[in-house]
2 protein chains.
Amino acid sequence: MPHTLPSFDDILAAAARIAPHAHTTPVLHSRELDELAGCSLFFKAEPLQRSGAFKFRGACNAVWSLPEADARRGVVTHSSGNHGGALALAARTRGIPCHVVVPEGAVAAKLASIQRYGATIHRCAPTQAAREAACARVQAETGAQLIHPFTHPAVIAGQGTAILELHNSHGAFDAVMTPVGGGGLSTGTAIATARVAPDCRIYAAEPTGADDTARSLVAGRRVDAFTPDTICDGLRTLVGEPNFAALRQHGVQVLVADDAETISAMRLLWQCLKLVVEPSSALVLAALLKHRGRFAGQRVGLVLSGGNVDLDALPWGPA
Amino acid sequence: MPHTLPSFDDILAAAARIAPHAHTTPVLHSRELDELAGCSLFFKAEPLQRSGAFKFRGACNAVWSLPEADARRGVVTHSSGNHGGALALAARTRGIPCHVVVPEGAVAAKLASIQRYGATIHRCAPTQAAREAACARVQAETGAQLIHPFTHPAVIAGQGTAILELHNSHGAFDAVMTPVGGGGLSTGTAIATARVAPDCRIYAAEPTGADDTARSLVAGRRVDAFTPDTICDGLRTLVGEPNFAALRQHGVQVLVADDAETISAMRLLWQCLKLVVEPSSALVLAALLKHRGRFAGQRVGLVLSGGNVDLDALPWGPA
């Protein structure tokens, strides 16, 4: 697959393309969290996006970018969760078939969404090779278009619309931060921010137990030895090749935080924002609080990526 | 205290008075919940209001309605939770002292808010008589103005601003519903709705274990034998005298639901809306689902009253 990156104009086009289907999510803030962080935080609430995560933006843009003849044969992807649900819902908005290859061990709430939105589920072993083989098989059998969760240019362009809305509504940020897993959201964020706020620093938060992007930036090349171990189920992915190139090009800085810090931040967000966020979202607040010295007195925009959690398996125990 | 009711104009004045301090909260909806309910639901998300509950509206209106000489001596109230926190925060916005009489057994998260917003806390036994005696003592000692949690006309007028925003933003409702405890919110809702949407039915949801308003409407007079037993900690109050009169006058219908139904609805709201709501809020969805036959195919506006819960003591156990 050609590893092209979307342009800023592609992000603007994505915003127009998804507007009839996606929500403009609210921006939340909390004086209590501001006091704790020592800076002004503006949280883009993507748990309130359709399908419960920002992933709907990219999936929707990809689905509605397809020529009619291709679209009719449907779409396929591999996903441990949010991208699968988002693609299933996006396909439904266009009335086309959707296949999702799901590795064993996916979060139950995310699997349930994929089913509820009417996609055909194909289970596979939890390895990259098994995911890709299963996808290739579905493509061969159905002619479905592969919508890769984070390297597809239309997906990256769609993810960039979240930070665009945040800049437009609350603007003049000193810094912005998103989580980074495969890098779809962080790449879209970097491309959009470099254009609309060239002086704004761009950060990506990564779990200590899946810090391949941080290590890759230090090494100057994409490391691929990787055994993720983190509660952030949305971020157990190696950063994509085009994504890594874009993050380097735009000088994105990666901040890491561990799972204990993420769980504390998750509780804080539930309590202060009244928003159900998943661990991958809470990581951005954890990373900000851990490195708060860099943000003292500043205006910081953060993307809370999603809110699809198993309410029966919360990471904090009873008192 | 004179039991006057606010007029519709008082609600309009309240909206203007609290605008510099209160949030215009978002309205959330969920196709999944619409399918389940068989009607279109519009949820006014008051957990996202300052202090985490609609109560800030009434408290803020009351605090900023006081003449300067009275305001300087401060305000006092009795509250098991949200009104206390809201009044403490409202007093802080005007820079005046606040005293809150808190009965034993209040939810820890709500007590913590009252403290965090800088009010002086006075503990008392969990009876109406003990609450009133403690308030009277503080009034005598400090000259503070009593801001009753649900009978004070300025409080009722402030609470009415939530439904006003909901009618204005999403309008043309067949029905609206709020929870009813003391009746501040439901009374403000009835007064506002009667004026802006005279054909819209007005409902109030009440827990089976604290159904004094339902029984009072049947009896045609306010019953006062009452031993509340419900998880809805915000609704363990006898409906107020002026509130009951207003609910009768406006033909408000009360629907009850039990705690098990409320807990299921609470999970559904967390899962589908990604909003942390407390049991008293979830009750409105529980009552709607239980009586869904009345709402088939209709547009219904619901006020989710607050989101102040102890995250360590969630009412559902692990799977």
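A residue is taken as buried if 20 or more other C-beta atoms lie within 10 Å of its own, as exposed if 12 or fewer do, and as partly exposed in between, with C-beta atoms placed from the backbone. The structure is a predicted model, in which local features need pLDDT of at least 70 and side-chain atom pairs count only at pLDDT 80 or more, whereas totals for chains, interfaces and linings use all residues. Residues are numbered from 1 along each chain as its sequence is written, and chains are lettered from A and ligands numbered from 1 in the order in which they are written.

The model scores ipTM 0.91 and pTM 0.93.

In chain A, Arg292(A) is placed in the loop between helix 13 (279–290) and strand 10 (299–304), where helices (H or I, at least four residues) and strands (E, at least two) are DSSP runs numbered from the N terminus. Arg292(A) is partly exposed because 14 other C-beta atoms lie within 10 Å. When neighbours within four places in sequence are left aside, Arg292(A) is in contact (C-beta atoms, placed from the backbone, within 7 Å) with Ala37(A) and Gly38(A). Between Arg292(A) and Pro315(A), which are 23 residues apart in sequence, the C-alpha to C-alpha separation is 24 Å.

The loop between helix 12 (259–273) and helix 13 of chain A contains Lys274(A), whose phi is near 60°, a positive value in a residue other than glycine. Lys274(A) counts as buried because 26 other C-beta atoms lie within 10 Å. In chain B, Lys274(B) is found in the loop between helix 12 (259–273) and helix 13 (279–290), and phi of Lys274(B) is likewise positive, near 60°. Lys274(B) has 26 C-beta neighbours inside 10 Å and is therefore buried.

Strand 7 of chain B (residues 175–179) is mostly covered, five of its five residues being buried. Both of its faces are covered, with Ala175(B), Met177(B) and Pro179(B) on one side and Val176(B) and Thr178(B) on the other. Strand 7 runs parallel to strand 8 (residues 201–207) of chain B, to which five bridges join it; two strands are regarded as paired if DSSP finds at least two bridges between them. Within this pairing, Pro179(B) has Ala205(B) as its bridge partner in strand 8. Strand 7 is also joined by three bridges to strand 10 (residues 299–304) of chain B, again in parallel, and there the partner of Val176(B) is Gly301(B). Together with helix 9 (residues 184–196), strands 7 and 8 of chain B make a right-handed β-α-β unit, the path from the first strand over the helix to the second running clockwise with the strands pointing away from the viewer.

Between the chains, 17 residues of chain B are in contact with 17 residues of chain A. Helix 12 of chain B gives the most to the side of chain B that touches chain A, with three residues.

Note on methods
Two residues are in contact if their C-beta atoms, placed from the backbone, lie within 7 Å.
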